[in-house]
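Reader: I am new to this structure and would like to learn how to read it feature by feature. Could you take me through it slowly, with the general idea before each case?

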Amino acid sequence: MPVYNIMIINNAGALVYTYTDQSRLLSSANELEKTYSYPLEPVIEVQDSRCCVVFGEADGVRIGHCVLAVNGTNVQAGRPTLLENGQEVMSVLANPASYPVSIKFGKLKLTANERINLAGMFHSIYAITAKLSPVAGSSGLQLLETDAYRLHCLQTVTGVKILVITDPKQANVNQVLKRIYEIYADYALKNPFFTMQGMNINFTLFEEAVQSMLRHLDKFGNLTNLAP
Amino acid sequence: SRSPLDRSLLRPKTDLPLATFSLLLSEMIKYSNGRSRTVQELQSKLADFGRHIGSRSLDLLFFRERNGRRELRLKNALFLVKSSLWRMLFGKDCDDLEQSTDDERTFYFVEREPVTNRFVSFSQKADTNVNCAAFIGGVLEGALCSAGFQCQVATFFSNDVTYYEVKFEPSVLTRDRSLDSR
């Protein structure tokens, strides 16, 4: 799938729409499993209510990797410091009797709350970047690049921000941003049941239009002949 | 140098400005929604808006396109609404017109994509069944009643298709039957 994530932030900084590419989350390419003996080499601590590697990168295990499973038992979905059998991850790892232990590392999904917080933070960062400009009338942050993804941002005249997170090599993202803006103007702004006060966008026609755009992009690589 | 007054109503040159109409209609719906407590109330308020349009467009149609010739028979009036009135207002015919099998007073106009519902949708989990095409139902009722065929129109969804159920007064049917015998 060409687009990993789509987010729409309204002019007050609240996240009103999220799309996440589900297939990417399920791919096991991001996960790795390693067996360790006591004492544990990577240092694992609880951060943001999940167990992460904070020190001791080795063999592909990096700082920031979260514990997804211990000895084959997955962590609980809502509380990643606990395993599905009720045991605490940190206690299992601190107990020499559990060793040798096999730990599966990977990236845990962002929770909805985290997403909302990050969106609010981005809203502020956008304003800061606009203020830092040496020339008048500059826009804020439009493109952010890391080695794993690119984040594109389009701010509309009303202050609504459309964010799209894609593969670094994905082309024609400006067309995608414009098209999402059109979809928002059609199926959200013209919908009498959409109240502007921070309400989540959850409409069938909106979702269908986004899906159809993504399918077209997947098939053709661009949106030039997209039927309106 | 044809002025707008000379152009045919049935083949409109300019397309309906859908965005403008949708934004205006959206405000009308929000206004009505704020003053209604049930779905039926909302739909009947939208139909009230439509009724004004129906009677006015009928006058316009008879005067400009048909030289003042009125329809006196029920079936002909229904066909006139289905084709000419719809074409004048929406640029296309109504999709279908059916008569109810159990009741000779009831007819159904069928429309798959009413222009009022073009941008309106609900969340997948919602069970709201507001049909904003109640506005068009009101247009229909206003037109037929002004033409002398008293009726009541109800708008509802069935399998994602919009039905306008037209129920005529018994006097209309009696009058129509008496014209048959002439």
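Author: Let us start with accessibility: a residue is called buried when its relative accessible area is under 20%, exposed when it is over 50%, and partly exposed in between, using a 1.4 Å probe and protein chains only. At 72% relative accessibility, Asn159(B) therefore counts as exposed. Before going further, note that this is a predicted model, in which local features need pLDDT of at least 70 and side-chain atom pairs count only at pLDDT 80 or more, while totals for chains, interfaces and linings use all residues. Residues are numbered from 1 along each chain as its sequence is written, chains are lettered from A and ligands numbered from 1 in the order in which they are written, and side-chain values use heavy atoms, with hydrogens and water left out.

Reader: Where does Asn159(B) lie, and what is the phi of Asn159(B)?

Author: Helices (H or I, at least four residues) and strands (E, at least two) are DSSP runs, numbered from the N terminus. Asn159(B) is in the loop between strand S3 (151-158) and strand S4 (161-168) of chain B, and its phi is positive, about 55°, although Asn159(B) is not a glycine. Asn67(B), which is not a glycine either, also has a positive phi of about 55°; Asn67(B) lies in the loop between H2 and helix H3 (74-90) of chain B and is exposed, with a relative accessible area of 75%.

Reader: Which peptide bond that ends at Pro39(A) is cis, and where is Pro39(A) found?

Author: The cis bond runs from Tyr38(A) to Pro39(A), with omega near -5°, and Pro39(A) sits in the loop between S3 and strand S4 (43-47) of chain A. Another cis peptide bond, with omega about -5°, joins Tyr99(A) and Pro100(A), where Pro100(A) belongs to the loop between H2 and S8 of chain A.

Reader: How should I read a helix, and what span should helix H1 of chain B have?

Author: The expected span of a helix is 1.5 Å times one less than its number of residues. Helix H1 (residues 18-34) of chain B has 17 residues and so should span 24 Å, which agrees with the 24 Å between its end C-alpha atoms. The buried residues of H1(B) are Phe21(B), Ser22(B), Leu25(B), Ser26(B), Met28(B), Ile29(B) and Ser32(B). They cover an arc of only 165° around the axis, so they lie on the same side of H1(B); the arc is that of the directions from the helix axis to the C-beta atoms. The face turned away from that buried side carries the exposed residues Thr20(B), Leu24(B) and Gly34(B). With contact taken as heavy atoms within 4.5 Å, what covers the buried residues of H1(B) includes helix H2 (39-65) and helix H4 (134-146) of chain B.

Reader: How many disulfides does the structure hold?

Author: A disulfide is a covalent bond between the sulfur atoms of two cysteines. Here it is taken as a pair of cysteine sulfur atoms within 2.5 Å, and the structure holds zero of them over all chains. Cys66(A) is in no disulfide, the nearest cysteine sulfur being that of Cys52(A), 3.8 Å away. In chain B, the sulfur of Cys145(B) is 4.1 Å from the closest cysteine sulfur, in Cys151(B), which is too far for a bond.

Reader: How is the size of an interface given, and what area is buried between chain B and chain A?

Author: The size of an interface is often given as the accessible area lost when the parts come together. Buried area is the accessible area (1.4 Å probe) that two parts lose on being put together, summed over both. Between chain B and chain A it is about 1,400 Å², of which carbon and sulfur atoms give 60%. Phe119(B), Ser121(B) and Gln124(B) supply 39% of the area that chain B buries against chain A, more than any other three residues. In contacts, 19 residues of chain B meet 14 residues of chain A, while the count of salt bridges between the two chains is zero.

Notes: Salt bridge = Lys/Arg side-chain N within 4 Å of Asp/Glu carboxyl O.
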